[in-house]
Each structure stands twice: as C-alpha cells, then as structure tokens.
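Me: I'd like to learn how to read a fold like this one, feature by feature. Can you walk me through it?

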Amino acid sequence: MSGASTFDGNVAKAEQYLARFRAEGVRHFIDGAPRPASSGQTFETRTPIDDRVLAAVAAGDAGDVDAAASAAQRAFPAWRDLPGADRRDLLHAIADAIEARAEEIALLESLDTGQPVRFMSAAAKRGAENFRFFADRAPEADRGLSLPAREHVNYTLRVPVGPVAAITPWNTPFMLATWKIAPALAAGCTVVHKPAEWSPITATVLAEICAEAGLPPGVLNTVHGLGETAGKAATEHPAIRAVAFVGESATGSAIMAQSAPTLKRLALELGGKNPVVVFDDADLERALDAVVFMIYSLNGERCTSSSRLLVQKSIEAEFTDKLVARVRKIKVGHPLDPATEVGPLIHPKHVEKVLGYFDVARSERVAIPVGGAPAAQSGNYVQPTVFTGAQNGMRVAQEEIFGPVLTVIPFADEKEALALANDVRYGLAAYLWTNDVGRAHRFARSVEAGMVWVNSENNRHLPTPFGGMKASGIGRDGGDYSFDFYMETKNICVALGIHRVPSLGKS
C-alpha cells in the first residue's frame, strides 16, 4: 500500500473510531460504568491538526471525584485480598485486550495529541508491555525479607497503600497512563485516574478495556476535568492515600501543598532540561542520530528529551553543520501520514509558549540557523528549530520549552561539560557520547540526573528505576521501585519465648 493510500486509510479509520465519541461524548468511568459529569457540564477536546472539535468531555468536579474515590474505597478490600496470581491473570487479559485495539488507540491518540502515528503505533504495544511486566510481578509483590534475631524472628511483608490517584499528562497519554495504573493494580491498589484535559479520549478507551477484560467495578475509575477542579479534588480527597503525577514542576509543587493536610505519599515525575554531551572521541554519526531523535521525536513534547546539546569545541562547527542539515530535512505534516516525523503541537496555548522562546532567543542574541517560526501548515505546526551560540545562563538553556527546539552550547573539556550539565534546576535525564570508558563512568557518576544513558538514546528497560533529581521530581517508577511506592512495608516481630520480658509494679 502506498504512503498516500495508507494516509487516507488512517484518516478514514480514525473518523470511524471517533464517531461514537462524537455521538456520546467522552464520559467518566466510575464504579464499572460510564457516566456524565454530575453537574452536566462538559468541555471540548479539539484536535491540534486543525483545531476542530473532536468530542464533548465530561467536566468533572469534586462530586465526581468523591464518587470515584468512594468506589475505589469500596472495591479496595476485595482487590487487596485477591491472590496475586489472580491479579496477574486479569492484567494479562487487559494486555491482550489492549493489543486487540492497538490500531484504534494509535489513531485516536494521534488525532487527540498531534503526535505522529509512526510513534503512536507503538503506544498500545508499550501499554500492553507495561501491564504484562507488572502482571508477572503481582504474585510476589507482597514478599519481603526474613530478618532473624537471637530471641525473635523478624520478617517483612508489603501491603498495598489503598486507593491511589494517577494524574497523567497529555504528551503520550495512553502509554503513560498504563505506566502508572498497571503497577498500582498489580500491587493491589485501586485507582482514580485523572487524565490530562488536552488529550482525554484514550483514557476512556483504557477504562473500557479494563472493564471488558474482567476488572471488577471500582478498581479503576476515570474522572475527566481540569486540573484546577478534578485534579485538585483528587489530591485533597481523604480516601486517596497516594498520588502519582506526571507533568510540570510547578504543578508538582501545587500537588505537594494540596496533599499535605492528608499526608499522602507522592511520586512526582516532573520537567527536565536534559543535556546530551558529545565529546570529540565519540562515534559522531551515532551521536547525531541520537541527538536528532531525542529532541524532535514526539514533537519534542517529552520529559526526557535532550534539549541541551553540549558539544566539544573541537567538533562544534562540523557537528552543528551536520545537525542543521538534518533538521532541515525533518518532515513536518499531518500526524496520520506515516511519513510525518513532526506533527502539530498539542494546543494553541502551548504553541504560544514555544513560539515565545523564539523571541527570547532573538533577545538573547542567539542564532537560529534553522526553524524559529511556525511551520507552513496552519494551526499548531512549528518548525523544528536549532539555537546556536547560546550560553548556559540564558533562558533558552535553562527553561523547559517542551517542543521541537534544541539549544547548542559548546564546552572545552570534561570539567566544563560537567559544570554546564549540572548548572540547571532540573535533573531528570542525561545523555553522554564518548568512547573513553573511564570518562563515561566518571561523568555518569557525577552528573546530577536520575537517569544517564551512555552512547544510547532513551532506551527503556522496565526493571530499571525511572525518575529525577532536583526540580525533576520525587520517587522512582519501574520494576520493584514502583511497588516501593504503591505498597507499605510492614515488619512483624515474633518472640521465640525465651527472652526476658521487663516487668513493672511487682513488689
């Protein structure tokens, strides 16, 4: 099938999948069934492609969140007590159902977010992998340690914390929802999910999939709405024992304040201004591929994007010239076109933010050899952009732009590269390209980032910890680290009956 006919087929299928949401709206999913907002209020979700309305979305408020949290609280004891092997089987059934609707998820995700279908085609696969990975760990999630003493036997076990809130972002919404929800369910928690208001559709698809696969009512509840209303209500609700959030650092700060009165535990995966450091001894062709991919894939709207290129001065001119030539060839277009590499940004407000940094760059006298303007398409399309001649103290080097924009900063040696990499408020990820093994280990140890990739792009291995330092967040996802968040560790001490028990009040 030709590219044009595949594109036309994608558009036609996407409209078919969207038809029921146009007719019914995007509703909450609470206690095993869809329902409108209790207030009857809705808001519109629009496609970034041309700003047309996709569907009306239930505008959740504190009443809807209370209904969802109450359902999660009622469902928690039975779900907690279900054997881990049974939870494993249910989560595998959910993964099967996700894979069966992979095309629907990918096309709806592209329509709702503007992400190119070439990347969203993997959204269902990644989501299913998340469910399968944590499903297989569910039978052993509660296991702990044996810690014997001379006169007592101590052992630990883990128990689920209770109902949790998952507040997920708009950039890769389906996959990131599964990244939070799958381990929570595997641990024995029940969930209230508040998806991002700018990309709500596939969250409802996920809730439907889970129910159809046999997940009991109330175990997963989805409430749509604005962060200021539905999100705030979830973080403040007394039945919610923990909040897992992915999003901006400022919002993470607000969630910490909102959660404080009820002493919720928090996992916050926040922003980043991640460095990719290229030394002159690196495999420069592989480094160039990784640099371009990690900032321009997913429209640059990813927390782990390498948005600061620190390049050694001895190769700065050559590497930058090749970089600019590559960026000029990136195909900007309709996200349902399989040839498209960069699609429209998520929302006009976000476009305004990204375009504003082009003015900042000019005011800071930074060169813009490619990009720096809206793309030829109307609406939310922005040209892939490179800033050169920047200094690390500039706003374009310090602030998270979250778009297809790369800032290039030269360095002289390893010491300066490390200082530049660390001289930022964020600390989520770092990427290092060098063939010096000692340097690789020295740099990885000293760079202030929760995750470091050496001679690699963002390659995820699910058992490894995912999370950041500084303003990039609190806590870790992935592998057993997820269970550390969704479960409490309990110590049990049993006497052997031979120790002396102190006594008081005896004559």
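Me: Let's start with a strand pair. Which residue in β16 does Phe387 stand opposite?

Reply: Here's the general idea: strands of a sheet pair through backbone hydrogen bonds, either parallel or antiparallel. In this predicted model, Phe387 stands opposite Thr407 in β16. Phe387 belongs to strand β15, residues 385-388, and β15 is joined to β16 (residues 405-411) by 3 bridges, with the two strands running parallel.

Me: And how does β15 pair with β14: parallel or antiparallel?

Reply: Antiparallel, with 2 bridges joining β15 to β14, residues 367-370. If you want to find that pairing on screen, look for Ala367, which stands opposite Thr388 in β15.

Me: What about the side chains of β15? Which ones sit on which side?

Reply: In a regular strand the side chains alternate between the two faces of the sheet. For β15, Thr385 and Phe387 are on one side, while Val386 and Thr388 are on the other. All four of those residues are buried, so both faces of the strand are covered.

Me: What is the strand order of the sheet that holds β15?

Reply: The order is β14-β15-β16-β13-β12-β18-β19, an open sheet of 7 strands with mixed pairing. β14 and β19 (451-454) are the edge strands, each pairing on one side only. From one strand to the next, the twist averages 25 degrees.

Me: Over at the β19 end, how many bridges does β18 make with β19?

Reply: There are 4, and the pairing of β18 (residues 429-433) with β19 is parallel.

Me: Which strands does helix α11 lie across?

Reply: Helix α11, residues 284-296, lies across β12 (275-278), β13 (308-312), β15, β16 and β18. Its direction is at about 140 degrees to β16. Helix α16 (residues 437-446) lies across this sheet's β12, β18 and β19, and runs at about 165 degrees to β18.

Me: Now the 3-strand sheet. What is its order?

Reply: That one is also open, ordered β5-β6-β22, and the pairing is antiparallel. The twist here averages 25 degrees from one strand to the next.

Me: How many bridges hold β6 and β22 together, and which residue is the partner of Leu157?

Reply: β6, residues 152-160, pairs with β22 over 9 bridges in the antiparallel sense. The bridge partner of Leu157 is Lys490 in β22. Helix α17 (residues 479-486) lies across both β6 and β22, at about 90 degrees to β6.

Me: Let's switch to helix packing. At roughly what angle do α4 and α7 cross?

Reply: Two packed helices are described by the angle between their axes and the distance between the axes. The axes of α4 (residues 102-113) and α7 cross at roughly 110 degrees and come within 9 Å. That's why these two helices, α4 and α7, count as roughly perpendicular to each other. The contact brings Ile105, Glu109 and Thr113 of α4 together with Pro173, Phe174 and Met175 of α7. By type, the residues of that contact split into 4 nonpolar, 1 polar and 1 charged.

Me: I also spotted Thr178. Is Thr178 buried or exposed?

Reply: Buried: its relative accessible area is 0%, and the cut-off for buried is under 20%. Thr178 sits in helix α7, residues 173-187. The Thr178 side chain makes a polar contact of 3.0 Å with the side chain of Asn130. Leaving out residues up to four places away in sequence, Thr178 touches Gly127, Asn130, Phe131, Pro183 and Leu206.

Me: Last topic, backbone angles. What is phi for Asp51, and where is Asp51 found?

Reply: Asp51 has a positive phi of about 70 degrees, although it is not a glycine. Look for Asp51 in the loop between β3 (42-46) and β4 (53-58). With 37% relative accessibility, Asp51 is partly exposed.

Me: And where is Lys470 found?

Reply: Lys470 is in strand β20, residues 469-470. Phi of Lys470 is positive too, near 50 degrees, and Lys470 is a residue other than glycine. The relative accessible area of Lys470 is 37%, so Lys470 counts as partly exposed.

Note on methods: Residues numbered from 1 in each chain as written. Predicted model: local features only at pLDDT ≥ 70, side-chain atom pairs only at ≥ 80, totals over all residues. Heavy atoms only, no water. Buried < 20%, exposed > 50% of the residue type's maximum accessible area, 1.4 Å probe, protein only. Polar contact = N/O pair within 3.5 Å; in protein donor to acceptor, adjacent residues only side chain to side chain. Contact = heavy atoms within 4.5 Å. Pairing = 2+ DSSP bridges. Axes fitted to C-alpha atoms, helices over the stretch in contact; angles between N-to-C directions. Parallel < 35°, antiparallel > 145°, perpendicular 65-115°, else oblique. Nonpolar A, V, L, I, M, F, W, Y, C, P; charged D, E, K, R; others polar.
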